[in-house]
Every structure is written in C-alpha cells, then in structure tokens.
Amino acid sequence: MTIRAVAWDVDGTLVDSEPLHLKALLATCAAYGVDISDLPDDRFVGVNLYGVWDALKDRFPWSLSRDRWIIVLNEHYQRNADSLKPIPGAAETVRALADRGIPQVAVSNSNRIVVDTNLKALGVAGLMRFSLSLDDVPAGKPDPAPYRVVAERLGLAPSEVLSIEDSPSGIASARAAGVVSVGFAASPVDVGDADRTIAALDEVLDIVSAA
C-alpha cells in the first residue's frame, strides 16, 4: 500500500462542530415553529442537510423551501463560528503532514459556507490542496462520488488516498470509491466498516509513514 495523499472529513474529524450544528438546527426549527425534541440529539450526525430536510420537511410550513431553510440554518452556523473548537491534535497533524509534503484535501458533507467556516476556524485552509463541499459533488456521502472526485482531481489511484472519517456514512463513501478508509473514534462509537480505526489523529502520521 502506497499512500500519496490524505483526505480529511471535517465535521467531527477536524472540528468539533456537532454542538453548533445541533444549535443551528434547533434554532432554525424553532424560528418556524417546529419542535424536534422527540428526536435524539445525535439523530443527524453524519447526515447531510438534504437528508435532514427530507426527514423533517413534513413538519415545516408548506411555503418554506428546502433552499431557504438551508440558507437560514447555515447563516446561523456561520454567525456563531466563534464557538467552534478543534478536535485535539487536528491542526498539529495537518501541519505535520504538510511539512512532509503530503497533499491534503478536505471532503465534507456540509455546504460550502460551512466547510469554509470550519477550515478557517481551524486555521488550516491554506494547507489543503482543495476542499469539496456538498455543493461540489453530484451526491454526498455515503455515495462514492466525493472520494471519486478527490482521486480524479489529485490524479491518483483511489488506493493511494487515505481517508479519515468519523461516521459510517463517510466510511461507506470512501470504501465504495476504493479509497483506504480510517475510522476516527476518540471514544467507543460505531464508525462503520473501516479498513482501520484510530483513537487519536496523530496516529495518521504513523499510518502514512508505514505505507
């Protein structure tokens, strides 16, 4: 196995964004008089906003469009970006890989405004060759499209790309595209059928070195 590039999931992998995603979702639902207290807080972890909308759309006023709902939700997220926190070791690992000359990209199931907000908050936007958002691909994770696009744009075989994901949908996307998958779980949670799992992000450095 030869690894020539690393593809990072962003939400929950590089940035601890789930609390802000939940806050934005609850605030947007409340603004339209919708109560989702019957759903567990982690109901939509790893689910892109199109999937969230599909699950909730029957609760919203008929006059509210999906596009408008997404704009309102993402704007709330961006306005409160100062609450974002990096996952421990995230920025340090990205910088260490950059120092080694390893190309890195960000592959997210979030919309462009959220991806840019997250990478800016982490301070690593300039170290990524490029980033892919939900707006940049024909279908989001778990579809293989995001990782197929990554390999194509990097000019690499999928097997030469290492993906770091924290959710089953991300792992499924990577595996379906033929990308080497690493499941990141700082605590015992289901990250899907990954080729390998890690508990700390700096373990990525050892994987790349050994490949």
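User: What makes the crossing of α6 past α7 right-handed or left-handed in this predicted model?

Analyst: The α6 helix passes α7 in a right-handed crossing, a term for a near helix turned clockwise from the far one by less than a right angle, with anticlockwise giving left-handed. This is a predicted model in which local features need pLDDT of at least 70, side-chain atom pairs count only at pLDDT 80 or more, and totals for chains, interfaces and linings use all residues. Residues are numbered from 1 along each chain as its sequence is written, and side-chain values use heavy atoms, with hydrogens and water left out.

User: Why are α6 and α7 called oblique to each other?

Analyst: The axes of α6 (residues 145-154) and α7 (residues 168-177) cross at roughly 50° and come within 7 Å. Angles under 35 degrees count as roughly parallel, over 145 as roughly antiparallel, 65 to 115 as roughly perpendicular and the rest as oblique, and the two helices are therefore oblique.

User: Which residues of α6 and α7 make the contact?

Analyst: With contact meaning heavy atoms within 4.5 Å, P146, Y147 and R148 of α6 meet G170, S173, A174, A176 and A177 of α7.

User: How do you know that β6 is largely enclosed by the rest of the structure?

Analyst: Because 5 of the 5 residues of β6 (residues 161-165) are buried, that is, under 20% relative accessible area with a 1.4 Å probe and protein chains only, the strand is largely enclosed. V161, S163 and E165 point one way, L162 and I164 the other. Strand β1 (residues 5-8) runs parallel to β6, joined by 4 bridges, and pairing requires at least two bridges found by DSSP.

Terms used. Axes are lines fitted to C-alpha atoms, for helices over the stretch in contact, and angles run from 0 to 180 degrees between N-to-C directions. Buried means under 20% relative accessible area, exposed over 50%, partly exposed in between (1.4 Å probe, protein chains only).
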